[in-house]
Amino acid sequence: MNNKNFIQELASRMNYTQDETQKMVFSVIDAMNERFQEGEPVTIQNFGTFEVKKRMERIVVNPATRQRMLVPPKLVLGFKPIASIKKTLKEGGQDNG
């Protein structure tokens, strides 16, 4: 599902115009981004938690040349879904509950 389809679906479910819905979605994303910039996790009830994590520097090896390279540390955004979503996906994506 792309952004356009998501906005259309959400607008029809919430009885808002697509323009209003898009503004609301962008506001939520902006607010989440502000929390990430501060290093704070964002938890969405009945969905999961988004969290900024620091990936430590590490050494990788190019398999073709066997050259070792140092990959610098970086920040990455992780997501941990709630248990029921994990279970549904583990069982092949069928909602059994």
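Reader: What makes Arg35 and Glu38 a salt bridge?

Author: The closest N and O atoms of Arg35 and Glu38 are 3.8 Å apart. A salt bridge is a side-chain nitrogen of Lys or Arg within 4 Å of a carboxyl oxygen of Asp or Glu, so this pair counts as one. This is a predicted model, in which local features need pLDDT of at least 70, side-chain atom pairs count only at pLDDT 80 or more, and totals for chains, interfaces and linings use all residues. Residues are numbered from 1 along each chain as its sequence is written, and side-chain values use heavy atoms, with hydrogens and water left out.

Reader: Why is Glu38 called partly exposed?

Author: Its relative accessibility is 48%. Buried means under 20% relative accessible area, exposed over 50%, and partly exposed in between (1.4 Å probe, protein chains only), so Glu38 falls in the middle class. Salt bridges that share partners join Glu38 with Glu34, Arg35 and Glu40 into one network.

Reader: How do you know that Glu9 and Arg13 meet in a salt bridge?

Author: Their N to O distance is 2.7 Å, which is within the cut-off for a salt bridge. Glu9 and Arg13 both lie in helix 1, 4 residues apart, about one turn of the helix; helices (H or I, at least four residues) are DSSP runs, numbered from the N terminus. Arg13, at 62% relative accessibility, counts as exposed, whereas Glu9, at 33%, counts as partly exposed.

Reader: Why is the pair of Phe47 and Phe50 called tilted?

Author: The structure holds 4 aromatic pairs. In the pair of Phe47 and Phe50, the ring centres are 6.3 Å apart and the planes stand at 35 degrees. Rings of Phe, Tyr and Trp (its six-membered ring) pair if their centres lie within 6.5 Å; planes under 30 degrees apart count as stacked, over 60 as edge-to-face and the rest as tilted.

Reader: What makes Met14, Tyr16 and Met24 a nonpolar patch?

Author: Patches are made of residues with over 30% relative accessible area and no salt bridge: like charges are joined within 9 Å, nonpolar side chains (Val, Leu, Ile, Met, Phe, Trp, Tyr) within 5 Å. Tyr16 has 42% relative accessibility, so Tyr16 passes the area limit. Together the three have about 310 Å² of accessible area, found by the Shrake-Rupley method with a 1.4 Å probe, where for residues only the protein chains shown count as cover. Tyr16 sits in the loop between helix 1 (3–14) and helix 2 (18–37).

How values were computed:
Helix = DSSP H or I, 4+ residues; strand = E, 2+ residues; numbered from the N terminus.
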